[in-house]
Amino acid sequence: MRFSGMSIAVASVVAAVVAALPGSASAARDGHTSGAWVPAPQEAFELPAGARCEFAVRVEPIVDEVRKLTLASYPDGSPKEELFTGALIDRVTNVETGATATADASGTSLVRYRTDGSMTWYVTGPVLLGFRENAGTLPKGLWIVDGQFRVEFTPTFDKTITMLHGTTHNVCADVD
């Protein structure tokens, strides 16, 4: 069952992209798409010791070519479904020691937002995900998750990953 659900999700991404391409008859009929890719830059951020890694960490993009396409919106204009893609390479720095590592987070994600604040990501390729202690299917850390998978976010950002296939790697270990 997992495989068919993930296959449907991947097919949905492809169908959504094709439908939203300029000149597509589906895009012309659908008033809920933005019709244009726009930049979706990642802001640099810092986390205190113990939040994700045992030490304070800073994550900043060194390559950020991520863009998004809004595929559907709610009546108030907020996004209901968006597609994200593009190169994203982050520098992860141990603030205490200065040790750095790079993390390739250049995956493609179809994101479905729900009105309760929860969301689902259908992902192909690597993304960087932070996990708090006891708040998801991976231990506390900054994880590169690569492959084909789905991530369910609760309104409080607890995360459940369902892998079709792929790998996980805790970047905290690279800068410890």
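**Charges over rings, a disulfide and an aromatic pair**

In this predicted model, the charged end of lysine 159 sits over the ring of phenylalanine 131, 5.2 Å from its centre.

Me: What makes the charged end of lysine 159 count as sitting over the ring of phenylalanine 131?
Reply: The distance from the charged end of lysine 159 to the ring centre of phenylalanine 131 is 5.2 Å. The cut-off is within 6 Å of the centre, together with an angle within 35 degrees of the ring normal. The charge of lysine 159 is therefore listed as over the ring.

Me: Which ring does the charged end of arginine 67 sit over?
Reply: That of tryptophan 37, with 5.1 Å between the charged end of arginine 67 and the ring centre.

Me: Why is the link of cysteine 53 and cysteine 172 called a disulfide?
Reply: The sulfur atoms of cysteine 53 and cysteine 172 are 1.9 Å apart. The definition asks for a pair of cysteine sulfur atoms within 2.5 Å, so the link qualifies. The structure holds 1 disulfide.

Me: What parts of the chain does the pair of cysteine 53 and cysteine 172 tie together?
Reply: Cysteine 53 is in the loop between strand E2 (45–47) and strand E3 (57–64), while cysteine 172 is in the segment after strand E12 (159–170). These parts are 119 residues apart in sequence. The angle about the S-S bond is -75°, and the link is left-handed.

Me: Are cysteine 53 and cysteine 172 buried or exposed?
Reply: Cysteine 53 and cysteine 172 are both buried, a term for residues under 20% relative accessible area. Across the chain, buried residues make up 42% of the 176 residues.

Me: Why is the pair of tryptophan 121 and phenylalanine 153 called tilted?
Reply: The ring centres of tryptophan 121 and phenylalanine 153 are 4.7 Å apart, and rings pair if their centres lie within 6.5 Å. The planes are at 45°. Planes under 30 degrees apart would count as stacked and over 60 as edge-to-face, so a pair at 45° is tilted. The whole structure has 1 aromatic pair.

Me: How do you know that the pair of tryptophan 121 and phenylalanine 153 links distant parts of the chain?
Reply: Tryptophan 121 is in strand E9 (residues 119–124) and phenylalanine 153 in strand E11 (residues 141–153), 32 residues apart. Both tryptophan 121 and phenylalanine 153 are buried.

Me: How many helices and strands does the chain have?
Reply: The chain has 2 helices and 12 strands. From the N terminus on, the order is α-α-β-β-β-β-β-β-β-β-β-β-β-β.

Methods. Residues are numbered from 1 along each chain as its sequence is written. This is a predicted model: local features need pLDDT of at least 70, side-chain atom pairs count only at pLDDT 80 or more; totals for chains, interfaces and linings use all residues. Side-chain values use heavy atoms; hydrogens and water are left out. Helices (H or I, at least four residues) and strands (E, at least two) are DSSP runs, numbered from the N terminus. Buried means under 20% relative accessible area, exposed over 50%, partly exposed in between (1.4 Å probe, protein chains only). Rings of Phe, Tyr and Trp (its six-membered ring) pair if their centres lie within 6.5 Å; planes under 30 degrees apart count as stacked, over 60 as edge-to-face and the rest as tilted.
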